[in-house]
Amino acid sequence: MKFVIQRVSHASVTVEGQTIGKIGKGFLVLIGVSGDDTREIADKMVKKLLGLRIFEDENGKTNLDLAAVGGELLLISQFTLYADCKKGNRPSFIHAGAPDMANGLYEYILAKCREQVPVVEKGEFGADMKVELLNDGPFTIVLDSAEL
């Protein structure tokens, strides 16, 4: 499982011209699910995500987590995080999870985050989405379950 986490001042996602998710200060998280991922892996990733201390405290040090700043989440499913570009110039996505399994884990992650974060917005699984954000920093972290 891979999370690309961007600290944002605001972010939104649009499908067919309609904004379906919008947040203020918080994290925009692109979520990639592989064929080997499980709920146990998702639990570890969510715990790490929600515990990341990448917001500045009163001394300008990145020492505060999402809860400490009243941050919000926008979670977007993105199978392309599992693009394999080793051969040729056209990516292969054979390592991405099958749609039904990946969507199930994406919904599970949403539910786990909603247990702890008051505002959790989402994209639409499998849709053509337009994502806008103002990266604050810029600050981007990549979490890979293979490295936790």
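## A tour from the core to the pocket

Begin by selecting Phe3, Phe27, Val29, Leu49, Leu73, Leu75 and Ile109: of the 28 residues in the largest nonpolar core, these touch the most other members. A nonpolar core here is a set of buried Ala, Val, Leu, Ile, Met, Phe, Trp, Tyr and Cys residues joined through side-chain atoms within 4.5 Å; buried means under 20% relative accessible area, with a 1.4 Å probe and protein chains only. The model is predicted: local features need pLDDT of at least 70, side-chain atom pairs count only at pLDDT 80 or more, and totals for chains, interfaces and linings use all residues. Residues are numbered from 1 along each chain as its sequence is written, and side-chain values use heavy atoms, leaving out hydrogens and water.

Next, colour the elements that give two or more residues to this core: β1 (2-15), β3 (26-32), α1 (39-51), β6 (72-77) and α2 (99-114). Helices (H or I, at least four residues) and strands (E, at least two) are DSSP runs, numbered from the N terminus. The greatest contribution to this core, 7 residues, is that of α2.

Now centre the view on Ile109. Leaving aside residues up to four places away in sequence, Ile109 touches Met1, Phe3, Ile31, Ala42, Val46 and Leu75, where contact means heavy atoms within 4.5 Å. Then select Val4, Val13, Leu30 and Met129, which are among the 11 residues of a second, separate core.

Move on to the largest pocket, which holds about 340 Å³ of space. On a 1 Å grid over the protein atoms alone, a pocket is an open set of points where a 1.4 Å probe fits, with protein on both sides within 12 Å along at least five of seven lines; lining residues have an atom within 4 Å of a point. The volume is the space filled by probe spheres set on the points, which are joined across faces, edges and corners. Of the 17 lining residues, select Ser77, Gln78, Phe79, Gly126 and Met129, which lie nearest the pocket centre. β3, β6, α2 and β8 (129-144) each give two or more residues to the lining, and β3 provides the largest share, 3 residues. By class, the lining has 12 nonpolar, 5 polar and no charged residues.

Finally, show the whole chain. Its 2 helices and 8 strands follow the pattern β-β-β-α-β-β-β-α-β-β along the sequence. The C-alpha trace spans about 50 × 40 × 30 Å along its principal axes, and 39% of the 148 residues count as buried.

Key:
Buried < 20%, exposed > 50% of the residue type's maximum accessible area, 1.4 Å probe, protein only. Nonpolar A, V, L, I, M, F, W, Y, C, P; charged D, E, K, R; others polar.
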